[in-house]
Structures are given as structure tokens and as C-alpha cells.
Amino acid sequence: MEKRQLGNSELYPSVIGFGSWAAGLSGWGEVDHNQIEKAVQRAYELGITFYDTAPAYGLGRSEEVLGKALQPFREHIIIATKAGLEWNEQGRFSINVTKQNIVREVEESLRRLHTDYIDLYQLNFPDSSGKTTVEETFDTLNELVKQGKIRYIGVSNFNVQQLVAAQTVSHVVSLQSPYNLFQRDVEHAALPYAKQQKIGFIPYSPLAQGLLTGKFNYLTRLPETDVRAQLNPLFSEKQFVKNLVIVETFTGIARAIGKPLSQVAINWLLYRNEISTVIAGAKTAKQVEENAASVKWKLSREDYEQVSRLFETDSSYVI
């Protein structure tokens, strides 16, 4: 599988990454533990070398599942996880990017992932409250690099101003943000800035959390426990119907191209060279195979532009 350099780091992830939120075994409908392990194994067989997770996914379960599944080939893959979100006994999250919390989190992540080092350690969210200084947070990350516990520093859900502030303290090699055909707000500032600064851009939710796969219809009703129903405005009742109309047209374009919707959506992202790897979530080996097949062909310029015109630029969301 094709690999691209992650910013100006020495990491070269596969252009298709493995998103493991579902490996947390909650919030994504029916998820089978054994199927997740088989999906990870299949991903490695297909040349996927980038595996993204976070402690918040299933309150640590995603890291545990992923760590166990990746052990046989740890030296040959890139593990990316995150810090800065903590939860209380009720499972409610809050941002905490203090030195004390980051030091605690990295040790817990190392233990759950069954590894001595983390290749890419990302702040899950910026601290917009101002309670913790940028210097305290990123000096802590710098120290973890010196200690060999993490190799590189990345950020997630940062805007350009927040990213610039982080760069004054640390060598930031990547920016992970929501980016898909429905949500293209990063094209205005974050994506051009990342390209200019040679920061690797990592889209998450490339398939709009399933909306760009064609598996939903007008009768779809997500349970209240589903992450999409709780957090994603694309699935709000009014917006969801509008989005399905667009997906119907998109289906026709994909049919003319001769490829599945999901592959066209991922291919559309990879058309941009500044994107290092696309985090594609998967619950089964079959889903991994479909995601990986996206790199076996390329969109023509004409098809890329036709798909782009169909989807109007929308505001990004943060989850």
C-alpha cells in the first residue's frame, strides 16, 4: 500500500489508516470483540500500518483491544493515540491538559497498548478555557519525547491559531481534524496552513460516520446510545434527510465511475497530496477490505471536480 510522509517526521504511514473508535465496544451499534481483532489482523495483511485510537474510546477499552491485537507486529506499525480528555465515575468527559494529567495518561496508554513507546501522541482537544498554559502542556509533551515514551507530537481538533501557539513550544508533526465531503471547513484555513508548514494532515470521519457509505435510508433511526445520534449534527432529523438526498445523487456519480460510494469518498480525500493518511473506521474485516481497496485506483480530475461540486462547503463539527 502507498505510504506518505507524516509532515516532516520520520513516520511514513499507509495512506489508509485504521480508526478504532468502535473497538471501544460502545456507541457504534453492535460490535463484536472477535470481529474487531480479525479486522486489525486483516488490516495489517493488506498493508495498513497506521492505527489510531484514544483513551476516550470506550473508556480505555479501544486501547486495550488494539494493543493486544497489534502485539504480534508492533515493530512494523505506527500507533497513534491521544491525551487530554478525562472522565469521571459517570463517564462524563472534560478537557484536562495539565502536566499531571498528561503524565498519568501516557503511562496508562502505554500499559493498555502493551508497548514501551507511542509513535504519535496527539492532544485530543485544545484547552480553550485558558486554565492551562500552552507552555505547560507542550513542555510536558517535549519531556515525554526526550524520555522516549512518545516519538512525535500531534494535535487534534485545533484551529490554526491554536496550532500556531503549539508550534511556538513544540515540534508538531500532524493535525487531525474532521474532513469529508459533507464537512469541508478545513479547506479554508487549516488545510492550507498544514500544507505550508509541512504538517501532516489526518482526516477523521472520512465517510461522515457512515453517511457516505450509502447504508442509511429515510427509515433509519439511530438509537440514543449511538455516538452519531448524540454528537453529530449531520444526523439530526432535519439535516439527515437533506443529506440523504445528496447521497442519492452521489450514488449515481459513483455508479458511473464504477466504484462503491465509500471508495469514491476516500479517494476524493487522497487526491490531495498534503493528506498523509485517512483514518477509516472499521468493525469487520470486510469493511477493512473495502477501505483498503480505495487505493487500488485514482479519481480522474474530471470526476474529482464533479464530486466536489456536488457537496457545498459546510461548517465543521467537533466531537
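A residue is termed buried when its relative accessible area is under 20%, exposed when that area is over 50%, and partly exposed in between, with a 1.4 Å probe and with protein chains only taken into account. Helices (H or I, at least four residues) and strands (E, at least two) are DSSP runs numbered from the N terminus. The structure is a predicted model, in which local features need pLDDT of at least 70 and side-chain atom pairs count only at pLDDT 80 or more, whereas totals for chains, interfaces and linings use all residues. Residues are numbered from 1 along each chain as its sequence is written, and side-chain values use heavy atoms, with hydrogens and water left out.

The protein chain contains 11 helices and 10 strands. Its radius of gyration, taken over C-alpha atoms, is 19 Å, which agrees with the value near 20 Å that a compact globule of 319 residues would have under the rule of 2.2 Å times the number of residues to the power 0.38. The C-alpha trace spans about 55 × 40 × 40 Å along its principal axes, and 54% of the 319 residues count as buried. With contact defined as heavy atoms within 4.5 Å, residues 24 or more positions apart account for 75% of the contacts that have a separation of 6 or more. The accessible area, computed by the Shrake-Rupley method with a 1.4 Å probe, amounts to about 14,500 Å² for the protein chain, and carbon and sulfur atoms supply 47% of it. When Lys and Arg are counted as positive and Asp and Glu as negative, with His and the chain ends not counted, the protein chain has 34 positive and 36 negative side chains. The centres of these two sets lie 4 Å apart, the place of each charge being taken as NZ of Lys, CZ of Arg, CG of Asp or CD of Glu.

Burial in helix α2 (residues 61–70) extends to seven of its 10 residues, so this helix is largely enclosed by the rest of the structure. The buried residues are Ser62, Glu63, Val65, Leu66, Gly67, Ala69 and Leu70, and they pack against the helices α1 (33–45) and α3 and the strands β1, β2 (50–52) and β3 (78–83). In helix α9 (residues 261–270), 10 of the 10 residues are buried, so α9 is likewise largely enclosed by the rest of the structure. The buried set of α9 includes Leu261, Val264, Ile266, Trp268 and Leu270, together with the polar residues Ser262, Gln263 and Asn267. Among the elements that cover these residues are the strands β1 (16–19), β9 and β10 (278–281), as well as the helices α8 (237–257), α10 (285–292) and α11 (301–310).

Helix α6 (residues 190–197) has a buried set consisting of Ala190, Leu191, Tyr193 and Ala194. These residues cover an arc of only 165° around the axis, which puts them on the same side of α6; the arc is that of the directions from the helix axis to the C-beta atoms. An α-helix has 3.6 residues a turn, so residues three or four places apart point the same way. The buried residues of α6 pack against α5 (160–167), β8 (172–178) and β9 (200–204), while the face turned away from the buried side carries the exposed residues Lys195 and Gln196. Lys198, which follows α6, has a positive phi near 60°.

Positive phi values also occur in two loops. His114, in the loop between α3 (99–113) and β6 (118–123), has a phi near 55° although the residue is other than glycine, and at 43% relative accessibility His114 counts as partly exposed. Ser205, which is not a glycine either, has a positive phi of about 55° and is found in the loop between β9 and α7 (227–231); at 11% relative accessibility, Ser205 counts as buried.

Two further buried residues illustrate contacts between separate parts of the chain. Ile150, in strand β7 (residues 150–156), counts as buried at 1% relative accessibility. Its C-alpha atom is separated by 6.6 Å from that of Leu120, 30 residues apart along the chain, and, with neighbours within four places in sequence left aside, Ile150 is in contact with Val106, Ile118, Tyr121, Leu141, Leu144 and Val145. Leu234, located in the loop between α7 and α8, is buried with a relative accessible area of 3%. When residues up to four places away in sequence are not counted, Leu234 touches Phe182, Gln183, Ala208, Leu211, Gln239, Phe240 and Asn243.
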